[in-house]
Amino acid sequence: MKSINLSEKLASFSEHWSPKTVAKFNGHDVMVVKVKGEFNWHSHPDTDDFFFVVKGRITIQMRDGDVHLNQGEMYIVPKGVEHCPVAEEEAELLLIEPAGTPNTGDAATAASHQAI
């Protein structure tokens, strides 16, 4: 048994919008990701989308209004709600999703989930 140091995991890569799986939890992937700029508008028809800001700040744009998250804050986008994460400066996030959930809502355009 060994603890997982999220800072070390995040320091091990530099690419943006490419989630890295750091653990598995009850059929879910626990991932870290670095983000900068705008992602794409998308939704997840079968699952909520969990965001926790480890470092920095992000805005989650939604059609009905934006949610601004600072370091230490989290938000859960309800399933089926179209959203677009944006980070003006690089931010680091913790994500939890059912294993294999495509980050774009579409397997054909999603980044693969690499384990680190």
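**Figure 1. Glu82 and its salt bridge to Arg63.** Glu82 is partly exposed, at 32% relative accessibility. In this predicted model, Glu82 forms a salt bridge with Arg63, and the closest N and O atoms are 3.0 Å apart. The pair links distant parts of the chain: Arg63 sits in the loop between E4 and E5, Glu82 in the loop between E6 and E7, and 19 residues separate them. Arg63 counts as exposed, with a relative accessibility of 54%.

Figure 2. Gln61 belongs to strand E4. Glu82 is among the residues that Gln61 touches, beyond those up to four places away in sequence; the others are Glu38, Trp41, Asp66, His83, Cys84 and Val86. Cys84 is 23 residues from Gln61 in sequence, yet their C-alpha atoms are 5.0 Å apart. At 21% relative accessibility, Gln61 counts as partly exposed, because buried means under 20%.

Figure 3. The structure holds three salt bridges. In one of them, Lys20 pairs with Glu15, with 2.6 Å between the closest N and O atoms. Lys20 is buried, at 1% relative accessibility, whereas Glu15 is partly exposed, at 35%. The side chains of Asp29 and Lys24 also meet in a salt bridge, at 2.6 Å from N to O. Here Asp29 is buried, with a relative accessibility of 3%, and Lys24 is exposed, with 62%.

**Figure 4. The largest nonpolar core.** This core has 17 residues, and the members that touch the most others are Val35, Phe51, Ile58, Ile60, Leu69, Leu93 and Leu95. Two or more residues come from each of strand E2 (28-38), strand E3 (49-55), strand E4 (57-62), strand E5 (67-70) and strand E7 (83-98). E7 gives the most, with four residues. Apart from this core lies another, of six residues, including Phe13, Val22, Val32 and Leu94. In soluble globular proteins, nonpolar side chains tend to be buried together. For the chain as a whole, 38% of the 116 residues count as buried.

**Figure 5. Val35 and Trp17.** Leaving aside neighbours within four places in sequence, Val35 is in contact with His16, Trp17, Ile58, Ala87, Glu89, Glu90, Ala91 and Leu93. Trp17 is found in the loop between helix H1 (6-11) and strand E1 (20-25). Trp17 has a positive phi of about 60 degrees although it is not a glycine. Trp17 is buried, with a relative accessible area of 17%.

Figure 6. Asn26 is placed in the loop between E1 and E2. Phi of Asn26 is positive, near 50 degrees, in a residue other than glycine. With a relative accessible area of 68%, Asn26 is exposed. Gly72 lies in the loop between E5 and strand E6 (74-77). Beyond residues up to four places away in sequence, Gly72 touches Phe52 and Val53.

Methods. Residues numbered from 1 in each chain as written. Predicted model: local features only at pLDDT ≥ 70, side-chain atom pairs only at ≥ 80, totals over all residues. Heavy atoms only, no water. Buried < 20%, exposed > 50% of the residue type's maximum accessible area, 1.4 Å probe, protein only. Core = buried A, V, L, I, M, F, W, Y, C linked by side-chain atoms within 4.5 Å. Contact = heavy atoms within 4.5 Å. Salt bridge = Lys/Arg side-chain N within 4 Å of Asp/Glu carboxyl O.
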